[in-house]
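Visitor: I am new to protein structures and would like to learn how to read one. Could you walk me through it?

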Amino acid sequence: MKKEKDITGSPNGKHSGKPSSAQAVWQAQFDAAAKLPGANDRTISDHPLKPLYGPSDAAGIDYERDLSYPGQYPFTRGIHASGYRGRLWTMRQFAGFGNAKQTNERYRFLLAQGQTGLSVAFDMPALMGYDSDHPRALGEVGKCGVAISTLQDMQDLFAGIDLGRISTSMTINCTAPVALAMYIATAEAQGVPQEKLSGTLQADMLKEYIAQKEWIYPPEPSMRIITDMIAYCSRHVPKWNTISISGYHIREAGSTAVQELAFTLADGFAYVEAGVAAGLDVDDFAPRLSFFFNAHSDFFEEIAKYRAARRIWARHMRERFGAKNPRSWTLRFHTQTAGCSATAQQAENNVMRVAFQALGAVLGGTQSLHTNSLDEVMALPTEKNVQLALRTQQVLAYETGVGNVIDPLGGSYYVERLTTEMEEGAEEYFARIAEFGGVIPAIHAGFFQKEIADASYRYQREIENGERIIVGVNDFVQEEEHPISLLKIGREIELEQCARVQAFRASRDSQAAADALAALVSAARGGDNMMPHYIDCVKKKATLGEISEALVPVFGRYREPAVI
Amino acid sequence: MARPIRILVAKAGLDGHDRGAKVIARALRDAGFEVIYTGLHQTPEQVVEAAIQEDVDGIGLSVLSGAHMTLFPRIKELLDKDGASDVVLFGGGTIPNEDIEALREAGVAAVFTPGAPIAGIVDFVRRECGKRVEV
């Protein structure tokens, strides 16, 4: 960026040159003006803001070094030379509820409505490694996602959907290798070889210990499982995104934007280090790492966050890890609008929140987007509300024109300054994490958990004391609410699903399943890649719960140090 | 001087969403109550056992996984069975209005949904759980 004369200077008094009289006049007028109350001098993340940004704020930026052109290192302005002109973002609504058959109907509905990718939401038992008929699954089956315990469930989930043509994202972590194994086996039964599969597995265990809190084994064996998956996929499922390194849940747990950025990228670097330590060449697996961020309400802060994320990843991958393949340098990401920003009060207002958040994600250059439905703060969304959420993306894509110009906010004094500050804030966190000896020791020390809890409590207090206005919650309150009809998942779904799982177990060759499980355990005890054994287990009809439980004697069970 | 009100903030079932539980735990502590947090993934039996051992005046249960219609009634049932019917059971989470009515009928004293002001929750605890302190 061409250096220009400082015309606005800084309200903090850091002038790089003599202020022009226009700047002095503005400053005097600003200082004299009455100000509105409330937290308008900082972002929603408590990041300090000036009232005005100018050339001096962008003065340190070297265009080629810090921004460059879209598709070029360090990718601040985007990873594709053609931006959204070459290809729109993927409209991918996260969906799953009840049993596999019900969710399959929802998928077909969404595809018929113009959705361009699938995203599977699993229920809590599947996410935690329990079959639907396990006592700990009582009351949870099909409630916050689809119930998947067996290969049959997975086959029913994708019935009539050609896995060779669609890309599928699966939000699953500690049981991710089981889900991947079932997906590969389902595709094979459809006649689609694993080499042709495209999609994403979340499989980001580090953020589970930090924020989402779904786990079976402790962090160390979880990293082993993930590196086995990465190694397997880089050879056999080359189009698969092996991990979706996720900031979404960190933000939902209450972090600031900088914490989301820093903790997510620190997790990403930890996976790269683990892959390299396992003997993989960084360029063999880094191109398949993908990311997942939150789209929160502070519009410019979010855009700066996405831009900073691309730049930080590129710099670390090239400079620190010595990656040679430009695809290893590019940070590709999915975005979901912030569930935690939605309100139960006047829930229709969530439609507007989602639209602005989605706009921020698109201006930040997302590759894929989920827009939340207005009712998700109370239940899983109804078909009608999902359709409205999807239409929000379509209006954005086809009517507003925001995708016509690449990185349209690039060069904004404010956005560039904030992008730089986001990067600096993240680097400070990387240094603090390094002092613990890395991400896993910092998890054991409760560092991330404490940082997030502090931030979420500060934010809540700002709402409580009225410094921050949440429309319909602490201002513009309305006594009478318009009733909203919600999706109900009945108890009969659970009973029916339990019966299906039991029938599945009764119909199989139990010895073959037991032998496959024994081979998996043996691989876990030794050093063999576990992934082929996971696939063999699901093909021999071992269930998700059985596979998960079989490894507990080898790996142990994680217990969180509960801190408030 | 009366002893401080004691509250067990609980997470039951497989749900890992602990943001709300932690915010409430801190807010109740800041309001002068004694707060015990169960940690994640507790069974209803573990929650009630902890409540009785710690002799709490109230249990604040947080459920965001949709399993509220199973977990709340089960905890209430165990409290009654173990002679701890006077422990006030309340809670919050992603819970639809029509379920709230059913939960209240099942003996849950109050259900707070996302966006509920903390001040209101503190007032509720002081008023309802305070009754047990005075007795």
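Predicted model: local features only at pLDDT ≥ 70, side-chain atom pairs only at ≥ 80, totals over all residues.

Visitor: In what order do the five strands of the open sheet in chain B lie?

Guide: Start with the terms: helices (H or I, at least four residues) and strands (E, at least two) are DSSP runs, numbered from the N terminus. Two strands pair if DSSP finds at least two bridges between them. In chain B the order is β2-β1-β3-β4-β5, with parallel pairing. At the edges are β2 (34–37) and β5 (110–112) of chain B, each pairing on one side only. On average, neighbouring strands of this sheet are turned by 20° against each other, direction ignored. Inside the sheet, β3 (residues 58–63) and β4 (residues 88–93) of chain B pair in the parallel sense over six bridges. There, B:Gly58 has B:Val88 of β4(B) as its bridge partner.

Visitor: Which helices touch that sheet?

Guide: Contact means heavy atoms within 4.5 Å. For directions, axes are lines fitted to C-alpha atoms, for helices over the stretch in contact, and angles run from 0 to 180 degrees between N-to-C directions. Helix α2 (residues 44–53) of chain B touches β1 (6–11) and β3 of chain B, and its direction makes about 165° with that of β1(B). Helix α5 (residues 118–134) of chain B lies across β1, β3, β4 and β5 of chain B, at about 165° to β4(B).

Visitor: Why do β1 and β7 of chain A each have one side without a neighbour in their sheet?

Guide: That open sheet has five strands in the order β1-β10-β9-β8-β7 (chain A), paired in parallel. Strands β1 (90–91) and β7 (243–246) of chain A stand at the edges with a single partner strand each, so one side of each has no neighbour in the sheet. Elsewhere in it, β9 (residues 333–337) and β10 (residues 368–370) of chain A pair in the parallel sense over three bridges. A:Gln336 stands opposite A:His370 in β10(A).

Visitor: How do I read two helices, such as α4(A) and α16(A), that cross?

Guide: Look at distance and angle. The axes of α4 (residues 100–112) and α16 (residues 383–398) of chain A come within 11 Å and cross at roughly 35°. Residues making this contact are A:Arg106, A:Phe109 and A:Leu110 of α4(A), with A:Glu383, A:Val386, A:Gln387 and A:Leu390 of α16(A).

Visitor: How much area is buried between chain B and chain A?

Guide: The size of an interface is often given as the accessible area lost when the parts come together. Buried area is the accessible area (1.4 Å probe) that two parts lose on being put together, summed over both. Here it is about 3,100 Å², with carbon and sulfur atoms giving 55%. On the chain B side, B:Leu14, B:Arg19 and B:Arg26 lose the most area to chain A, together 28% of what that side buries. The contact takes 35 residues from chain B and 40 residues from chain A.

Visitor: How many salt bridges are there between the two chains?

Guide: A salt bridge is a side-chain nitrogen of Lys or Arg within 4 Å of a carboxyl oxygen of Asp or Glu. Between chain B and chain A the count is four. One pairing is A:Lys213 with B:Asp18, whose closest N and O atoms are 2.7 Å apart. Over all chains, the structure holds 56 salt bridges.

How values were computed
Residues numbered from 1 in each chain as written. Chains lettered and ligands numbered in written order. Heavy atoms only, no water.
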